[in-house]
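The structure is shown first.

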Amino acid sequence: MSAPRPGQGLVREPGSWRDPAGFVYRRDGAIHRQIAPVFAAEWEAYLASGLHDRLVTRGAVLPFEDAPIADALDPATAWRVIRPEMLPVISWPWEWCPGQLRDAALLTLDLALEALDAGFTLRDATPYNVQLRGTRPVHLDALSFERRAPDAPWGPYRQFCRTFLAPLALMTERDPRLGLLLRSFLEGIPLDLAVRLLPRRTLLRLGLATHLHLHARAIGRNADGKGAEARAVRLSETRLRALLGNLRGTVAGLRWEPEGTEWADYADRTSYSDAATAAKERIVRGMAEAVAPTVAWDLGANTGRYSAIVAETGAHVVAWDIDPGAVERHHRALMASGRERITPLLLDLTDPSPALGWGLTERASFLERANAELILALALVHHLAIGRGVPVEMIATFLAGLAPNLVIEWLPHEDPMVRRLLAGRHDMAGGIRGNVAGWPLFREEAFRGIFADAGWEIVERAPIEGSGRVLYRMRRSGRA
Amino acid sequence: MDLVFAYLDPGSGSIIIQAVIAGIVALPILFRNRISAVVRTLRGGRAATPPPPSAPPTDDRPR
């Protein structure tokens, strides 16, 4: 092996190319950021103001350490190098429930207001500058702050409305699934589209009528030739503060109540006894302790009963679920309990986030972000197999591509939940249901064989007393 | 200076309309400030002495 050369193990983050003030890269996996000389004066002023220390102390902005210039990806153009704290989970805003997007928007506005107190302003205001630490938002980008020129208008006003306010209003006032529009519009939802999708009653709310409806009309009218007029705009600090305060009130008023969605009350009506639930909890805890993962992904986590148990063993847990109601409830419960290390996120396993953006490298796909040492698939496989028609072989192979360890639950065909799912599939009544006991999914031996063929080695088998269900702990054997 | 860092296109229409909207939503605040200024003036004019120390603090923040 040759001696390490400068530049070895250096990878520029593909999503970090917009801001001329600096860019993000990885050095042997660790996140670094180099700051350009052009931003030197702003950076010094920001640090000297004490604003950064205050924001880090209250957990609003991600802390960083200084690193030597020699660690720069391109030392010739680097003025400073910093090493921001690493986060165990990277998520995209269309994977957030309405409450998480709302909290991220409120954080952004609070930062803008607090910056204003110190004579600074936010240069950008987008959910891509925010990540979830646990379920609580934190702002990643210390380079977002600059000194405010006297009476300057707020540059990222349109960006905030497109990437925060419009999707949040669509989710809370129309349907939470509209958050998925952010997946198609990475720059934020065009306001003319947003107002066409919003209910007309939103015209009666001052904040939505102005920041979205009126704003959309102004963009349409001022598409060209208003540059000189825009350059002449002056906004006093009082008016800017009023604008940000009004945006804050508008965002705070956008709440979605998750009653009545598919899964939100699922944990309250599971199909087996309290004794079986206690046994399942005990087994899951033991299996998680045996793996001792740093990061675990709980697929189909619902409101996080088992995510909490795995988090108690010291892991950071991503609690993925398909239902916005479950994710919203989970998020609220975590915020209320102050529990850290659990991040609820939205995921449809049959259509996970693809790679997106410039060159399809800007926003990493679900698979590219897979960093868990343990996958939990509890009461999941029969939903995918019966509800969505995914062959069990494909599920086993997909899971083998996600993580080296797996805790998975097998259900017999007599299980009340399986019965209920089959009852909803009238098309299966004549075929599979007629011979449901013969389906490999419901023959434990065949189920095990399918997972062995997909490269899983069975480490532990634990029946859940009183339920007929069985928990398996498997390890990727590297064979298949 | 702002040309160097302004990598984000703020949009002419958005800048123009934000000033209009900020003007609308700032009205109550400006109105309240004007009232308190008048109150201060009246008190000052009537009492010919410094205002009492219990006078409420004023700033232009939304409450």
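How much accessible surface does chain B have, and what share of it belongs to carbon and sulfur atoms? The accessible surface of chain B is about 4,400 Å², with 67% belonging to carbon and sulfur atoms (Shrake-Rupley method, 1.4 Å probe; for residues, only the protein chains shown count as cover).

## Basis and confidence

This is a predicted model, in which local features need pLDDT of at least 70, side-chain atom pairs count only at pLDDT 80 or more, and totals for chains, interfaces and linings use all residues. Residues are numbered from 1 along each chain as its sequence is written, chains are lettered from A and ligands numbered from 1 in the order in which they are written, and side-chain values use heavy atoms, leaving out hydrogens and water.

Chain A has an average pLDDT (the predictor's confidence in each residue, from 0 to 100) of 92, and 93% of its residues score at least 70. In residues 1–7 of chain A the pLDDT is below 50. Where pLDDT is low, the predicted coordinates should not be read in detail.

## Chain B

Chain B contains 2 helices and 0 strands (DSSP runs numbered from the N terminus: helices H or I of at least four residues, strands E of at least two). Of its 63 residues, 24% are buried (under 20% relative accessible area; exposed is over 50%, partly exposed in between; 1.4 Å probe, protein chains only). Ile24(B), in helix H2 (residues 12–47), is partly exposed at 36% relative accessible area.

Note on methods. Contact = heavy atoms within 4.5 Å.
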